[in-house]
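This report covers charged pairs, the nonpolar core, aromatic pairs and a surface patch. The sequence and model come first.

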Amino acid sequence: MRTALGVWFIFINAVAYLVMSEDKRRARLGRDRVPEKTLFLLAAVGGALGVWVAMYRKRHKTRHLSFKIGVPLLLFLNAILYGYLWK
């Protein structure tokens, strides 16, 4: 179970980081964007760390109150869930 959880953690956070980075790239180019709902969904299913890191490394969505509050909250919930499942 731990191996699967570890693989999931790495996979979903890498995907979340890449999707957030792609949204930033699209924003700069003036193209169609990734919906915020998708970004929050990735964070909710375990990728909050990837979204949070991308927010600050790429300086993306850092002015949005929903992201400034929502992503750290989801990161906290992710940590609790991962900790519970790790046992």
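## Salt bridges between separate parts of the chain

Arg 33 is partly exposed, because its relative accessible area is 38% (buried means under 20%, exposed over 50% and partly exposed in between, with a 1.4 Å probe and protein chains only). The side chain of Arg 33 forms a salt bridge with that of Asp 23, at 2.9 Å from N to O; the term requires a side-chain nitrogen of Lys or Arg within 4 Å of a carboxyl oxygen of Asp or Glu. This pair links distant parts of the chain, with Arg 33 in the loop between α1 and α2 and Asp 23 in helix α1, 10 residues apart. Helices here are DSSP runs of H or I with at least four residues, numbered from the N terminus. Asp 23 is buried, at a relative accessible area of 0%.

The model is predicted, and local features need pLDDT of at least 70, side-chain atom pairs count only at pLDDT 80 or more, and totals for chains, interfaces and linings use all residues. Residues are numbered from 1 along each chain as its sequence is written, and side-chain values use heavy atoms, leaving out hydrogens and water.

A salt bridge also joins Glu 36 and Lys 61, whose closest N and O atoms are 3.0 Å apart. Glu 36 belongs to helix α2 and Lys 61 to the loop between α2 and α3, so this pair ties together parts 25 residues apart in sequence. Glu 36 is partly exposed at 32% relative accessibility, whereas Lys 61 is buried at 9%.

The structure holds four salt bridges. In the one between Glu 22 and Arg 25, the closest N and O atoms are 2.9 Å apart. Both residues lie in helix α1, three residues apart, which is about one turn of the helix. Glu 22 has a relative accessibility of 24% and Arg 25 one of 38%, and each counts as partly exposed. Salt bridges with shared partners join Glu 22, Arg 25 and Arg 26 into one network.

## Nonpolar core

The largest nonpolar core has 16 residues, and those touching the most other members are Met 20, Leu 39, Ala 43, Val 51, Met 55, Phe 67 and Val 71. Such a core is a set of buried Ala, Val, Leu, Ile, Met, Phe, Trp, Tyr and Cys residues joined through side-chain atoms within 4.5 Å. Helices α1, α2 and α3 each give two or more residues to this core, and α2 gives the most, with seven.

Leaving aside residues up to four places away in sequence, Val 71 touches Phe 40, Ala 48, Val 51, Trp 52, Met 55 and Ser 66 (contact means heavy atoms within 4.5 Å).

## Aromatic pairs

A search of the whole structure finds four aromatic pairs, defined by ring centres within 6.5 Å for Phe, Tyr and Trp (its six-membered ring), with planes under 30 degrees apart called stacked, over 60 edge-to-face and the rest tilted. The ring centres of Phe 9 and Tyr 82 are 5.1 Å apart with planes at 85°, so this pair is edge-to-face. Phe 9 in helix α1 and Tyr 82 in helix α3 (residues 65-86) are 73 residues apart. Phe 9 is partly exposed at 31% relative accessibility, while Tyr 82 is buried at 15%.
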